[in-house]
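This report describes selected side-chain contacts and surface features of a single protein model. The sequence and the structure are shown first.

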Amino acid sequence: MSLVYKILPAEEWERAKALGRFKGSAIDLKDGYIHLSAASQVHETARLHFHGREALVLVVLESQALGEALKWELSRGGGLFPHFYGSLDTALALEVRPLSLGADGAPHIQL
């Protein structure tokens, strides 16, 4: 099983769950797809984009369950990142984990 991950504020996920769909965070809506991370990328994503932010969750998704709407695309740094095009059914979440901040200020993620 290949997993992908989404970090977002817990409040956003709770709103999405109430609707049954996650349409994306502000950056996702701006870019036209939901930014996800592979296991090898999620720690750096947390450090770069969520440093110092509290009340976050890590949503765990099975990549095959996302179907053809999941595209692996080249990023600015040259790596392939998973991008989900569409509205994400919140029932596809395998797990939603609350994140705490580590001593360095980055969200602490255990995979």
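The sections below treat aromatic pairs, salt bridges, a surface patch and one backbone feature in turn. The model is predicted.

**Aromatic pairs**

A pair of aromatic rings is described by the distance of the centres and the angle of the planes. The count for this model comes to two aromatic pairs. One of them joins W13 and F22, whose rings lie 6.1 Å apart, centre to centre. Their planes are at 55 degrees, and the pair is tilted. Both W13 and F22 are buried.

The rings of Y33 and Y85 also form a pair, with centres 5.3 Å apart.

Where in the chain do Y33 and Y85 lie? Y33 belongs to the loop between α2 (26-31) and β3 (34-35), and Y85 to the loop between β7 (80-84) and β8 (88-89). The pair therefore ties together parts that are 52 residues apart in sequence. As for accessibility, Y33 has a relative value of 16% and so counts as buried, the cut-off for this class being under 20%. Y85, with 34% relative accessibility, counts as partly exposed.

**Salt bridges**

The structure holds seven salt bridges.

| Salt bridge | N to O distance |
|---|---|
| E11 and R15 | 2.9 Å |
| R47 and E44 | 2.6 Å |
| R97 and E95 | 2.9 Å |

Why are E11 and R15 separated by about one helical turn? They are four residues apart in helix α1 (residues 10-19), and this spacing is why about one helical turn separates them. E11 counts as exposed because its relative accessibility is 56%, and exposed residues are those over 50%. R15, at 46% relative accessibility, counts as partly exposed.

R47 is partly exposed, with a relative accessible area of 40%. E44 counts as partly exposed at 38% relative accessibility.

In the bridge of R97 and E95, the side chains meet at 2.9 Å, N to O. E95 has a relative accessible area of 37% and is partly exposed.

**A nonpolar surface patch**

W72, L74 and L80 form a nonpolar patch on the surface. Together they have about 340 Å² of accessible area. One of these residues, L74, is placed in strand β6 (residues 70-74). L74 is exposed, since its relative accessible area is 62%.

**A positive phi at A55**

Most residues other than glycine have a negative phi. What is the phi of A55? A55 has a positive phi of about 60 degrees, although A55 is not a glycine. The residue sits in the loop between α3 (39-49) and β5 (56-62). With 53% relative accessibility, A55 counts as exposed.

How values were computed: Residues numbered from 1 in each chain as written. Predicted model: local features only at pLDDT ≥ 70, side-chain atom pairs only at ≥ 80, totals over all residues. Heavy atoms only, no water. Phe/Tyr/Trp six-rings, centres within 6.5 Å; stacked < 30°, edge-to-face > 60°. Buried < 20%, exposed > 50% of the residue type's maximum accessible area, 1.4 Å probe, protein only. Helix = DSSP H or I, 4+ residues; strand = E, 2+ residues; numbered from the N terminus. Salt bridge = Lys/Arg side-chain N within 4 Å of Asp/Glu carboxyl O. Patch = residues over 30% accessible without salt bridge, like charges linked within 9 Å, V, L, I, M, F, W, Y side chains within 5 Å. Areas by Shrake-Rupley, 256 points an atom, 1.4 Å probe, with all protein chains shown as cover.
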